[in-house]
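This report concerns the salt bridges of the structure shown below. Please keep the sequence and the model in view while reading.

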Amino acid sequence: MIRVTIYRNRRHEYTGFDISGHAEYDDPGKDVLCAAVSALVINAVNSIGHFTDDETSCVSDEESGSITFRFAQIPSPDAALLLDSMIFGLGEIEENSEYESYIDIIFKEV
């Protein structure tokens, strides 16, 4: 299962996210669910780095399927919008009855 934890402060501003696990929806290399989640997350991380001046840190491990992403400060409106877009896409996957048992998204206040 893919576990997504989105971190926000008390003002609901993003501070980062963690993603871990593999969907195991299909064999490695054929897992469309893992590919979809990876595409959404990698695009969001790369877009924040390319289109904003936000300072971030990102550590990933392909084997374990983990990504740890943090903002150094409160994200800019553009970075927050890009993260909103990623979360929206992941939420659409989670709400699909075919995929809901393969992905879990939670929000934590930090």
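Which side chain meets that of Arg 10 in a salt bridge?

## Basis of the report

This is a predicted model, in which local features need pLDDT of at least 70, side-chain atom pairs count only at pLDDT 80 or more, and totals for chains, interfaces and linings use all residues. Residues are numbered from 1 along each chain as its sequence is written, and side-chain values use heavy atoms, with hydrogens and water left out.

## The pair Arg 10 and Glu 109

The side chain of Arg 10 meets that of Glu 109 in a salt bridge at 3.5 Å, N to O. Arg 10 lies in the loop between β1 (2–8) and β2 (14–20), and Glu 109 in strand β5 (residues 103–109), so the pair ties together parts that are 99 residues apart in sequence. A salt bridge is a side-chain nitrogen of Lys or Arg within 4 Å of a carboxyl oxygen of Asp or Glu. Strands (E, at least two residues) are DSSP runs, numbered from the N terminus.

Arg 10 is exposed, at 70% relative accessible area, and Glu 109 is exposed as well, at 54%. Exposed means over 50% relative accessible area, buried under 20%, and partly exposed in between (1.4 Å probe, protein chains only).

## The other salt bridges

A search of the whole structure finds three salt bridges. One of them joins the side chains of Arg 70 and Asp 18 at 2.9 Å, N to O. This pair links distant parts of the chain, with Arg 70 in strand β4 (residues 66–71) and Asp 18 in strand β2, 52 residues apart. Arg 70 is partly exposed, at 27% relative accessibility.

Arg 11 and Glu 13 also meet through their side chains in a salt bridge, at 2.9 Å, N to O. Arg 11 counts as exposed at 61% relative accessibility, whereas Glu 13 counts as partly exposed at 22%.

Methods. Helix = DSSP H or I, 4+ residues; strand = E, 2+ residues; numbered from the N terminus.
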